[in-house]
Each structure stands twice: as structure tokens, then as C-alpha cells.
Amino acid sequence: MRIVFLGPPGAGKGTQAETISKEKKLPHISSGNLLRDAVESGTTTGIHARQYIDKGQLVPDQIVVDIIRDRILKNDCKNGFILDGFPRTLSQAKVLDEMLKKLGNKLDVVFYFVVSKESIVLRLSGRRICNTCGTNYHIKFVPPAVDGICDKCGGKLYQRADDKLETVQERIRVYHEQTEDLIAYYKKNGILKEIESETNIETITKNILDAIKGVSQNASCINLGVV
Ligand code: AP5
Ligand code: MG
């Protein structure tokens, strides 16, 4: 199954993608994580991308598209994936459609995470990430057992540089300006499903899994030539 998680910064895309990826055995592909890996490795792409990430702006389409294309062509994506944070512009969405078409595939469902600006700011200001294994925490909603230390591996927790308030405001502005158009695009394609994301993490996971059940039934009907 080929799934996209669409929604504003801090909506919970990464948190849900982690769980759903394990549950459905689909690789979790986060454009943000791939870009941050490139920044960390100091590659030319990473150095270029950093200028945008630090300001809360979108990295140019071509850079992100190349990274995603390389990732999607890997063997573990043969049976599907969860794309988290990509596409983020209409142009990225169209390139993705073309890319999948060439592979004889298409997207099955786009989950659109609906959440208020107040929750976004609260979630991002309290987010902490393990510098060793990358596990996500929240100082209030998903606190570690010991302050500042990862429960899973004992690594130190840090705050993402683009989670400071001014950058968060800019990320929200950029989302409204450049990403929101995708809602209409996927609605028109008939594959958009809204996920009410104001509630707790477990309920959202359950709602996504329930929604996926309906989608996979359709997909297997198509595979069997039933429709
Ligand atoms: P990216 O890393 O994709 O960031 P984002 O989309 O801004 O989203 P976040 O990762 O901040 O939030 P999330 O929705 O994953 O929330 P999370 O689950 O962590 O992109 C970063 C940058 O990279 C961009 O600004 C851009 O520069 C560049 N970039 C990336 N993709 C690009 C693209 N396609 N094109 C161009 N540029 C691109 O949750 C947040 C916090 O809330 C956590 O602490 C979590 O524990 C907590 N939480 C989650 N769910 C709940 C809940 N239900 N209740 C309470 N707390 C919750
Ligand atoms: Mg994320």
C-alpha cells in the first residue's frame, strides 16, 4: 500500500508513521529525516538544504524529489511505503504521480491530519528527540521516564533547531502558502481521508488503522479483478 501523510508541522505525522510503519510492515519515508541526514553528513545537498530548513522554508523541489526518487526505488518499497512530509507542493505531487506511474503504481490513500494552530505550537515547543536512536518525545504528552534521557537507548534528548517559536510560525505560514493546495488536489483524485488529530496519539493510530482496512479491501478487489 502506498500512503502519504499530509498535514501541518507538528500535526503528528512522524509519530503516527512510526507506529503504522511497524504495524503494516511498510517503510517510513520522512523527507525531513532524509534531509536532516544529508545535513548531518555534510553532503553538498545537505549544505544547500540547511539554508532553507533553518529558516523554516521549503527546500527546492528538485533536491527533495531526487532524494525521494532514490529512496522509493529501493527494494523495500516494492510493496509500498508511508511518505511523511512529501509531497509538499503541487509540483512535487505531480512528479510523484509520474514516478509511480512509470513503476506501474499509484498512491492508494492520503491521510490529511487536521489540527489547530494552538496544538501545533504546543506540540512543537515540547518535542524532544533522541540524538542516538531518533525516538520522538514530548515533555508533556510523551515524557521520558528520566528527564532528557531516551527510554529506549539512554541517548540524550535534544530540541530540533527549527522548533523555536519564530521558525515554527514561518513553517506554519509556508504550509498554508505552499502545501495546503494539495488537499484539493488529492480530494479531486478521490484518495484524501481526513484524520481528526486533536485527540490523543492512540486514538489517532486506531482511526488510521481502521481507515486503512477499508483502503486495502478496495486494493485487493482491484488486484483480484473483482471490480
Ligand atoms: P519535517 O521534518 O517534515 O517537519 P514538519 O512537516 O514541519 O513536521 P514535523 O516533523 O515538525 O511534525 P510531525 O507532523 O512529524 O509531528 P510529530 O509526530 O513529530 O520537515 C522539516 C523541514 O525540512 C521543512 O521545514 C523543510 O525545510 C524541509 N522539508 C521536508 N520535507 C520537504 C519537502 N517535501 N519539500 C521541501 N522541503 C521539505 O509530533 C510533534 C510533537 O507532538 C512530538 O513531540 C510528539 O510526541 C507530539 N505529538 C504527536 N501527536 C500528538 C498527539 N496526538 N497529542 C499530543 N502530542 C502529540
Ligand atoms: Mg516529522
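Tutor: A residue counts as buried under 20% relative accessible area, as exposed over 50%, and as partly exposed in between. The model discussed here is predicted.

Student: Is Asp76 buried, partly exposed or exposed?

Tutor: The relative accessible area of Asp76 is 43%.

Student: Which residue forms a salt bridge with Asp76?

Tutor: The partner is an arginine whose closest N atom is 2.7 Å from an O atom of Asp76. A salt bridge needs these atoms within 4 Å.

Student: How many salt bridges does the structure hold?

Tutor: Arg127, Arg160, Asp162, Asp163 and Arg171 are linked in a network of salt bridges. For the structure, the count is twelve.

Student: Why are Lys206 and Asp210 separated by about one helical turn?

Tutor: Lys206 and Asp210 form a salt bridge, with the closest N and O atoms 2.8 Å apart. Both residues lie in helix α9, which covers residues 201-224. They are separated by about one helical turn because their spacing in this helix is four residues.

Student: Which lysine forms a salt bridge with Asp210 at 3.5 Å?

Tutor: Asp210 is partly exposed, at 34% relative accessible area. With the closest N and O atoms 3.5 Å apart, the partner is Lys213.

Student: Which element gives the most residues to the largest nonpolar core?

Tutor: This core has 31 residues, and Leu83, Leu96, Leu107 and Tyr186 touch the most other members. Elements that each supply at least two residues include β1 (2-6), β3 (81-84), α5 (90-102) and α8 (181-189). The one that gives the most supplies six residues, and that element is α4.

Student: What is Leu96 in contact with, leaving aside its neighbours within four places in sequence?

Tutor: Leu96 is among the residues that touch the most other members of the largest core. Beyond the neighbours left aside, its contacts are Val4, Ile72, Leu83, Phe86, Pro87, Leu107 and Tyr186.

Student: How many residues are in the second, separate core?

Tutor: Ile3, Ile82, Val168 and Ile204 are among the members of this second core. Its residue count is 23.

How values were computed
Residues are numbered from 1 along each chain as its sequence is written. Chains are lettered from A and ligands numbered from 1 in the order in which they are written. This is a predicted model: local features need pLDDT of at least 70, side-chain atom pairs count only at pLDDT 80 or more; totals for chains, interfaces and linings use all residues. Side-chain values use heavy atoms; hydrogens and water are left out. A nonpolar core is a set of buried Ala, Val, Leu, Ile, Met, Phe, Trp, Tyr and Cys residues joined through side-chain atoms within 4.5 Å. Buried means under 20% relative accessible area, exposed over 50%, partly exposed in between (1.4 Å probe, protein chains only). Contact means heavy atoms within 4.5 Å. A salt bridge is a side-chain nitrogen of Lys or Arg within 4 Å of a carboxyl oxygen of Asp or Glu.
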